Amino acid sequence: MPVLVASDLDRTLIYSAGALALTMPDPRAPRLLCVEVHESKPLSYMTETAAGLLTELGDAAVFVPTTTRTRKQYERINLPGPAPRYAICANGGHLLVDGVSDPDWYARVTARLADECASLAEVREHLMETADPLWVRKHRVAEDLFAYLVVERELLPEDWVKELAVWAENRGWTVSLQGRKVYAVPKPLTKSAAMRELARRTGADLTLAAGDSLLDADLLLAADQGWRPGHGELADADWTAPTISPLQERGVLAGERILREFLKATRTTTP
């Protein structure tokens, strides 16, 4: 029976230059591998050691990249190791099989959103009306499923985020602040639901997960074992649960540690 590993990507396994947290002296900094290029510029990295660990993990378990990114944004990433057969994009809205979105899964997700949540149009209108152009750089819609803002974090009023979260809660949506992005996502749109579906399809008897943000909490709780790094929304809130292991490592070295934990748990389970 296979082990299924569903891991968040950004600020969990891969890191932008601004999120690397290379606090050690320069001569002791780890060698980095670029895993994403955007508009001809390097964008995301992992350590070379982490790249080797991910290659090992791809051979030992069913590794499922699990991200809030759109499919187009996910396709920019070039992870080391075997090409994953499955991926979860748009926070669970798209379940990719060999790079192609499963239409039945997408239909199930969108039907549930229509039944249980306020419309995307209503949420977008509220964002447009309440977000100040002084600190908003971009308004975006992802896959016609959820919305997010790119903001100037140092100018973003903390009270505005809290007020948005209360407003969204009453309409079946949730709010997450990740770096320079404020996400508004329908509550039923979850990574955990997609992970459970893949566990069913693959017959996995053990599920492992990792993530750093509020949008990863359901994924971590749904897995048999979960890890969170020492940075991000969950760490800032000191969030944990009985099956969750909070790690001390921050930045790109946290990604390395998470992969070691995945491999350790996988090897303990499989003969």
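**A histidine, some sheets and some rings**

Guide: Let's start with His231, which sits in the loop between E14 and helix H8 (233-236). Keep in mind that this is a predicted model.

Visitor: Is His231 buried or exposed?
Guide: His231 is buried, because its relative accessibility is 6% and the cut-off for buried is under 20%.

Visitor: What does the side chain of His231 reach?
Guide: It reaches the backbone nitrogen of Gly251, at 3.0 Å. A polar atom of the His231 side chain also lies 2.7 Å from the backbone oxygen of Arg11.

Visitor: And which residues does His231 touch?
Guide: Leaving out residues up to four places away in sequence, His231 touches Arg11, Tyr15, Asp212, Glu249, Arg250, Gly251 and Ala254.

Visitor: Tyr15 is on that list. What stands opposite Tyr15?
Guide: Tyr45, in E4. Strand E2 (15-16) is joined to strand E4 (residues 41-47) by 2 bridges, and the two run antiparallel.

Visitor: What order do the strands of that sheet take?
Guide: The order is E2-E4-E3, in an open sheet of 3 strands with antiparallel pairing.

Visitor: Which strands stand at the edges?
Guide: E2 and strand E3 (32-38) do. Each has a single partner strand, so one side of each has no neighbour in the sheet.

Visitor: Which helix packs on the sheet?
Guide: Helix H1 (residues 48-60) packs there, touching E3 and E4. The direction of H1 makes about 70 degrees with that of E4. H9 lies across E2, E3 and E4, and runs at about 50 degrees to E4.

Visitor: How does the chain cross from E13 to E14?
Guide: It goes through helix H7 (residues 217-222). This β-α-β crossover is right-handed.

Visitor: And how do E14 and E15 pair?
Guide: E14 pairs with strand E15 (residues 244-246) in the parallel sense, over 3 bridges. The bridge partner of Arg228 is Pro246, in E15.

Visitor: Now the rings. How many aromatic pairs are there?
Guide: The search of the whole structure finds 4. One of them is Tyr148 with Tyr183. Their ring centres are 5.4 Å apart and their planes are at 35 degrees, so the pair is tilted.

Visitor: Where do Tyr148 and Tyr183 lie?
Guide: Tyr148 is in strand E10 (residues 146-151), and Tyr183 is in strand E12 (residues 181-186). So the pair ties together parts that are 35 residues apart in sequence.

Visitor: Buried or exposed, those two tyrosines?
Guide: Tyr148 is buried, with a relative accessible area of 8%. Tyr183 counts as buried too, at 10% relative accessibility.

Visitor: Which residues form a cluster there?
Guide: Phe146, Tyr148 and Tyr183 form one aromatic cluster.

Visitor: And what about Trp227 and Phe262?
Guide: Those two make an edge-to-face pair. The centres are 5.5 Å apart, with 90 degrees between the planes. Trp227 lies in strand E14 (residues 225-228) and Phe262 in helix H9 (residues 252-269), so this pair ties together parts 35 residues apart in sequence. Trp227 and Phe262 are both buried.

Key
Residues are numbered from 1 along each chain as its sequence is written. This is a predicted model: local features need pLDDT of at least 70, side-chain atom pairs count only at pLDDT 80 or more; totals for chains, interfaces and linings use all residues. Side-chain values use heavy atoms; hydrogens and water are left out. Rings of Phe, Tyr and Trp (its six-membered ring) pair if their centres lie within 6.5 Å; planes under 30 degrees apart count as stacked, over 60 as edge-to-face and the rest as tilted. Helices (H or I, at least four residues) and strands (E, at least two) are DSSP runs, numbered from the N terminus. Buried means under 20% relative accessible area, exposed over 50%, partly exposed in between (1.4 Å probe, protein chains only). A polar contact is a pair of N or O atoms within 3.5 Å; within protein, one must be able to donate a hydrogen and the other to accept it, and residues adjacent in sequence count only if both atoms are side-chain atoms. Contact means heavy atoms within 4.5 Å. Two strands pair if DSSP finds at least two bridges between them. Axes are lines fitted to C-alpha atoms, for helices over the stretch in contact, and angles run from 0 to 180 degrees between N-to-C directions. A crossover is right-handed if, with the strands pointing away from the viewer, the path from the first strand over the helix to the second runs clockwise.
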